[in-house]
Each structure stands twice: as C-alpha cells, then as structure tokens.
Amino acid sequence: MSEPFLIGQNMTGGYSKGGPDILHNCTISVDRGEIAVIVGPNGAGKSTAMKAVFGMLDLREGSVTLDGEDITSLSPQDRVVKGMGFVPQTSNIFPSLTVEENLEMGAFIRTDDFSDTMAQIYDLFPILKDKRSQAAGELSGGQRQQVAVGRALMTKPKLLMLDEPTAGVSPIVMDELFDRIIDVARTGIPILMVEQNARQALEIADKGYVLVQGANAHTGSGKELLANPEVRQSFLGG
Ligand SMILES: Nc1ncnc2c1ncn2[C@@H]1O[C@H](COP(=O)(O)OP(=O)(O)O)[C@@H](O)[C@H]1O
Ligand SMILES: [Mg+2]
C-alpha cells in the first residue's frame, strides 16, 4: 500500500520558538480521493494543526509529507506551488476587491491562461458568476466562503485544506457548501477540513480526527466516530 497523499506526522510545536507547544505529537493524514475532517473543542489546536501542515509554524518535531515528498522545510508559498490549496479560518478573501479580482488573485502563482479554471469555478458556484463584478465584502457569509474556496481552487491544487468553511452560515447554506465540497472531492482533489459542525461534517467524512489540547484523541472513519459513545458524549452533544 502506498502512503497517504498528505501526512503531518508527529507534529509538535507552537507559535514562537521558546513559546509553549500547542501541538503535541499530532498526526493528520489524508488519502487520495478522501475527505478528512478535524473536529474538537474550541482552542483544541485545529487551526494550528492546519497552519502547521501549511508551513506557518516552526515545528520542533515532526514532518509534513505531500505526495511522497518531504516538504517540512518549505514556506507556505512553496507549498502552494507543490499543490496545496489552503482556505484559512479568517481573512480568507479581499473584501474590497470584486469576486473576479479575488479569483484572479488566487491564480497568483500561475503563468498560464487560467480562464478555464475560472469557468470551472463559476460552474461550481454559479452565484459567483452573477456577482463577479461585486465587491466580495458585500456578499453573504456563504457566498464569501464560496469566493474563498474558489480562490484556492484557482491554483489547481492537488489537495484542498479548509478551516471552518461553514462558520457562521445557516444550516441550509452549510448543506449546500458541503455538497460543493463533495463535488470538489469527486474531481479527485483530496480534502482536509476543520469543522465546528462536527456531526454533519463527520457524516461526509471518509476519515475523522478528534483533537483535544493539541493531541489526537480519537481517529476513525466518520461512521466510527459518529458511533463512538465517548465521542458522542463529549463532542457531539450525546
Ligand atoms: N497566532 C497565535 N499566537 C499564539 N497562540 C495562538 C495563536 N493562534 C492560536 N493560538 C493558541 O493556540 C491554541 C489553539 O488555538 P487554535 O488552533 O486556534 O484552536 P482551534 O482552531 O481548535 O479553535 C489556543 O490556546 C490559542 O490561544
Ligand atoms: Mg480554529
């Protein structure tokens, strides 16, 4: 069996050298064709784990491997070049730029013609095509998240990482966003996603991680975690 497409292995570290460790021997992996979901309480280190995988943390220990290549020492920008698309939890769009300008900004590493990719993103998120000339900051929360995901897709990533893509949206919009994320996964792009809507996210997850205090607490298929009494009691509200 080949190793997972993305592995953040035994990641230990925090935000500053000499500062406290936030992650403790944390391991996250995503296979080809898979949706992996990270859930856990507020402050558990979910965003920190995503940033560590994306190269925004100086890890004291551990490694990150993408498609068989050790990328532990690469900058975030170089990881984008290697095929990582990352939508952070906050400040993930340019509010004063139009929707289309946001997508163009997403293509910053590309030197080829990206009009096909933009057309694909408009097919995936038709509302963005209607609003292409509108400032992204004027859009609804769910539409802004579509802009953020679209922006990340403009690099034609080999892997998409999403930190709380459904934060602050209604249940209906959440379902729609999850459907679009499944659509992206079906195009062959593995997804690593942090979600506070844990139950709904685990329902669409091939694999789930429960993080607690920067460490792996539970790992299993989405189904296994949803059926695990301890996970249900502690993290899914019974
Ligand atoms: N930029 C930062 N600098 C220092 N500490 C941070 C920073 N961001 C988050 N933390 C700390 O890291 C811990 C985990 O936070 P975070 O990864 O954001 O949790 P989660 O995403 O699971 O809610 C918290 O104790 C938080 O205070
Ligand atoms: Mg977070």
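E164 counts as buried because 22 C-beta neighbours lie inside 10 Å of it, where a residue is termed buried if 20 or more other C-beta atoms, placed from the backbone, lie within 10 Å of its own, exposed if 12 or fewer, and partly exposed in between. This residue lies in the loop between β7 (159-163) and α7 (171-186), and its phi is positive, about 55°, although E164 is not a glycine. Another non-glycine residue with a positive phi, of about 50°, is S91, found in the loop between β6 (84-87) and α3 (99-106); S91 counts as exposed, because it has 8 C-beta neighbours inside 10 Å. The model is a predicted one, in which local features need pLDDT of at least 70 and side-chain atom pairs count only at pLDDT 80 or more, whereas totals for chains, interfaces and linings use all residues. Residues are numbered from 1 along each chain as its sequence is written, and chains are lettered from A and ligands numbered from 1 in the order in which they are written.

The protein has 10 helices and 10 strands, assigned as DSSP runs numbered from the N terminus (helices, H or I, of at least four residues; strands, E, of at least two). Its radius of gyration, taken over C-alpha atoms, is 17 Å, close to the 18 Å given for 238 residues by the globule rule, so the protein is as compact as a globular protein of that length; the rule is 2.2 Å times the number of residues to the power 0.38. Buried residues make up 43% of the 238 residues.

Leaving aside residues up to four places away in sequence, M161 touches M50, V53, F54, M84, G85, F86, V87 and L192, a contact being a pair of residues whose C-beta atoms, placed from the backbone, lie within 7 Å.

Helix α6 (residues 141-153) is largely enclosed by the rest of the structure, because 11 of its 13 residues are buried. The buried residues of α6 include Q143, R144 and R151 as well as V147, V149 and L153, and their cover includes β6, α3, α4 (115-124), α5 (126-130), β7 and α7.

Methods
Two residues are in contact if their C-beta atoms, placed from the backbone, lie within 7 Å.
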